[in-house]
Amino acid sequence: MLTISAFQYVPPFAQGVVRDLRVRWALEEAGLLYDVRLIGPPDQRSPDYLALQPFGQVPMLQDGDFTMFESGAIVLHIAQRSGALFPREEAGRARATSWIFAALNTLEVPIQQLAAIDFFYAEEEWAKQRRPGAVEDVHVRLRQLSAWLGERDYLDGAFSAGDLMMTTVLRILRHTTMVEAYPNLKAYQQRCEARPAFQKALRDQMAAFERG
Ligand SMILES: N[C@@H](CCC(=O)N[C@@H](CS)C(=O)NCC(=O)O)C(=O)O
């Protein structure tokens with residue numbers, strides 16, 4: 001049995017980008033059924049939850065008798081287990097793994113820094129001064145990603161866990177028009193988000209917030 005953790009509620013700016021979305025999407029692509037453990041701030045601090053996710057964050061995954069944390073590790077685990085998100089041949093799997101890490105490490109870091117400025121520190125003087133540099137840092141990576149993607153539909157051959165992860169990272173910029181500056185990236189994001197598995201994952205995350 002698979003169980004993931006997700007938040008009972010987050011403010012509107014975070015709805016549809018909370019990182020359990022990646023895991024839900026991967027599970028949907030893999031055709032794996034799962035339960036959801038909805039948590040709130042008291043759970044995040046509880047010894048019980050901290051034993052499963054040392055940082056009190058979502059998501060975590062319980063897979064039978066073991067538990068995992070970190071969305072990248074969880075998506076990789078699901079991809080390895082199902083085959084639905086990874087190519088069959090070793091070289092393709094290695095490249096898809098590179099794209100998962102590129103999304104998390106090379107793209108998400110500057111994107112998250114910009115998001116933190118915009119959502120948490122916008123009124124601070126230091127944030128106003130830092131923002132143009134943070135925007136440029138993101139553009140550097142978006143330009144490079146756009147150049148790599150070119151006319152391709154996906155980052156490396158068929159849709160893979162690397163595309164899944166990259167799409168969820170690009171979504172963090174949805175409060176800006178930065179992705180729109182690269183028409184091939186925007187089309188790529190839309191192509192990936194049009195997948196029924198993504199749509200189901202998004203609906204399911206949002207449904208929890210609607211229930212409150
Ligand atoms: N690197 C972690 C980050 C997880 C993360 O930042 N989760 C957020 C929700 S999207 C969270 O739980 N935030 C609450 C907190 O950090 O206390 C991962 O990818 O799983």
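Domain bounds here come from an automatic or database domain assignment, and for this protein that assignment gives domain 1 (2–85 + 197–211) and domain 2 (90–195). The model is predicted, so to speak of a local feature takes a pLDDT of at least 70 and side-chain atom pairs count only at pLDDT 80 or more, while totals for chains, interfaces and linings use all residues. Residues are numbered from 1 along each chain as its sequence is written, and side-chain values use heavy atoms, with hydrogens and water left out.

**View 1. Two domains side by side.** The centres of domain 1 and domain 2, taken over C-alpha atoms, sit 21 Å apart. Where they meet, 23 residues of domain 1 are in contact with 24 residues of domain 2; contact means heavy atoms within 4.5 Å. UniProt has its own take on part of the chain: an unreviewed entry puts the feature "domain: GST N-terminal" at residues 7–86. UniProt positions are given in the numbering used here, feature names are shortened, and annotations may be inferred rather than shown by experiment. Over residues 7–86 the chain is 40% helix and 18% strand, with the end C-alpha atoms 28 Å apart. Helices (H or I, at least four residues) and strands (E, at least two) are DSSP runs, numbered from the N terminus.

**View 2. The largest nonpolar core.** A nonpolar core is a set of buried Ala, Val, Leu, Ile, Met, Phe, Trp, Tyr and Cys residues joined through side-chain atoms within 4.5 Å. Buried means under 20% relative accessible area, exposed over 50%, and partly exposed in between (1.4 Å probe, protein chains only). The largest such core has 56 residues, and Leu 142 and Met 166 have the most contacts inside it. Strand β1 and several helices each supply at least two of its residues, among them α1 (20–30), α6 (125–149) and α9 (196–211). Helix α5 gives the most, with ten residues. Domain 1 and domain 2 both contribute residues, so this core lies between them. What does Met 166 touch, not counting residues up to four places away in sequence? Its partners are Trp 99, Ala 102, Ala 103, Leu 107, Leu 145, Leu 155 and Tyr 188. There is also a second, separate core of ten residues, including Phe 7, Ile 39, Tyr 49 and Phe 209. In soluble globular proteins, nonpolar side chains tend to be buried together.

View 3. Ser 5 belongs to strand β1 (residues 2–7). Is Ser 5 buried or exposed? Ser 5 is buried, at a relative accessible area of 0%. Its side chain makes a polar contact with the side chain of Tyr 49 at 2.7 Å, and also reaches the backbone nitrogen of Met 60 at 2.9 Å. A polar contact is a pair of N or O atoms within 3.5 Å; within protein, one must be able to donate a hydrogen and the other to accept it, and residues adjacent in sequence count only if both atoms are side-chain atoms. Leaving aside neighbours within four places in sequence, Ser 5 is in contact with residues including Asp 20, Arg 37, Gln 57, Val 58 and Pro 59.

**View 4. A cis bond and a positive phi.** Val 58 and Pro 59 are joined by a cis peptide bond, with omega about 5°. Pro 59 lies in the loop between α3 (47–50) and β3 (60–63). Glu 70 is another backbone spot to check: its phi is near 75°, a positive value in a residue other than glycine. Glu 70 is in the loop between β4 (66–69) and α4, and is partly exposed, with a relative accessible area of 42%.

**View 5. Salt bridges under cover.** The structure holds 16 salt bridges, each a side-chain nitrogen of Lys or Arg within 4 Å of a carboxyl oxygen of Asp or Glu. Arg 24 and Asp 20 pair up at 2.6 Å, N to O; both lie in helix α1, four residues apart, about one turn of the helix, and both are buried. Arg 22 and Glu 108 meet at 2.4 Å, N to O. That pair links distant parts of the chain, with Arg 22 in helix α1 and Glu 108 in helix α5, 86 residues apart. Arg 22 is buried at a relative accessible area of 2%, and Glu 108 is buried at 9%.

View 6. The side chains of Glu 193 and Arg 171 form a salt bridge at 3.0 Å, N to O. Glu 193 is in helix α8 and Arg 171 in the loop between α7 and α8, 22 residues apart. Both are buried. Elsewhere, salt bridges that share partners join Arg 19, Arg 22 and Glu 108 into one network.
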